[in-house]
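Have a look at the model before reading on.

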Amino acid sequence: QVQLVESGGGSVQAGGSLRLSCVVSGRTFSFGLMGWFRQAPGKEREFVATIGWNNGMTYYEDFVKGRFTISRDKARNTVDLEMNSLKPEDTAVYYCAFGRVRSVDGMDYWGKGTLVTVSS
């Protein structure tokens, strides 16, 4: 089993920044993808960014490119999401996940989420 716990959510005005963090514990692993996903009210959960746990390769959804940065610290077992130039449409519950494929269905473990609210 893998446990994921997110933190760092909150309220911010448009144009502001937040940094989300995810602590990973449980079964050790040396491969796979760590990802951030989000779910806005009334919408389906969607992909935001992933990073290869072993090789550090990153991938971003188009709507966050240039604004969000995903990173991981293997020594601390953490995955962070730095979010800049936030927009009201970024308002959502953000979830940390671990899995095999860069999609909602491809993730095997999920955190409980942290709420990000961006006001205009």
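A salt bridge here means a side-chain nitrogen of Lys or Arg within 4 Å of a carboxyl oxygen of Asp or Glu. Keep in mind that this is a predicted model. With that cut-off, Arg38, Glu46, Arg67 and Asp90 are linked in a network of salt bridges. Searching the whole structure turns up eight salt bridges.

| Salt bridge | N to O distance |
|---|---|
| Asp80 and Arg19 | 3.1 Å |
| Arg19 and Glu82 | 2.6 Å |
| Asp62 and Lys65 | 3.1 Å |

Arg19 turns up in two of these rows, once with Asp80 and once with Glu82.

Asp62, at 56%, is exposed.

Now for the greasy part. In soluble globular proteins, nonpolar side chains tend to be buried together. The largest nonpolar core in this model has 29 residues, and Leu4, Met34, Trp36, Leu81, Met83 and Tyr94 touch the most other members. Strands that each supply at least two residues of this core include β1 (2-7), β4 (33-39), β8 (78-83) and β9 (92-99). Apart from it lies another core, of five residues, among them Leu33, Phe37, Ala97 and Met107.

Tyr94 deserves a click in your viewer. Leaving aside neighbours within four places in sequence, Tyr94 is in contact with residues including Trp36, Arg38, Leu81, Met83 and Val116.

Strand β9 is mostly covered, with seven of its eight residues buried. Which strands pair with β9? β4 runs antiparallel to β9 and is joined to it by seven bridges, with Met34 partnering Phe98. β11 pairs with β9 in the antiparallel sense over three bridges, and there Val93 stands opposite Leu115. Strand β10 (residues 107-110) is also antiparallel to β9, again with three bridges, and Phe98 faces Tyr109 across that pairing.

Terms used. Residues are numbered from 1 along each chain as its sequence is written. This is a predicted model: local features need pLDDT of at least 70, side-chain atom pairs count only at pLDDT 80 or more; totals for chains, interfaces and linings use all residues. Side-chain values use heavy atoms; hydrogens and water are left out. A nonpolar core is a set of buried Ala, Val, Leu, Ile, Met, Phe, Trp, Tyr and Cys residues joined through side-chain atoms within 4.5 Å. Buried means under 20% relative accessible area, exposed over 50%, partly exposed in between (1.4 Å probe, protein chains only). Helices (H or I, at least four residues) and strands (E, at least two) are DSSP runs, numbered from the N terminus. Contact means heavy atoms within 4.5 Å. Two strands pair if DSSP finds at least two bridges between them.
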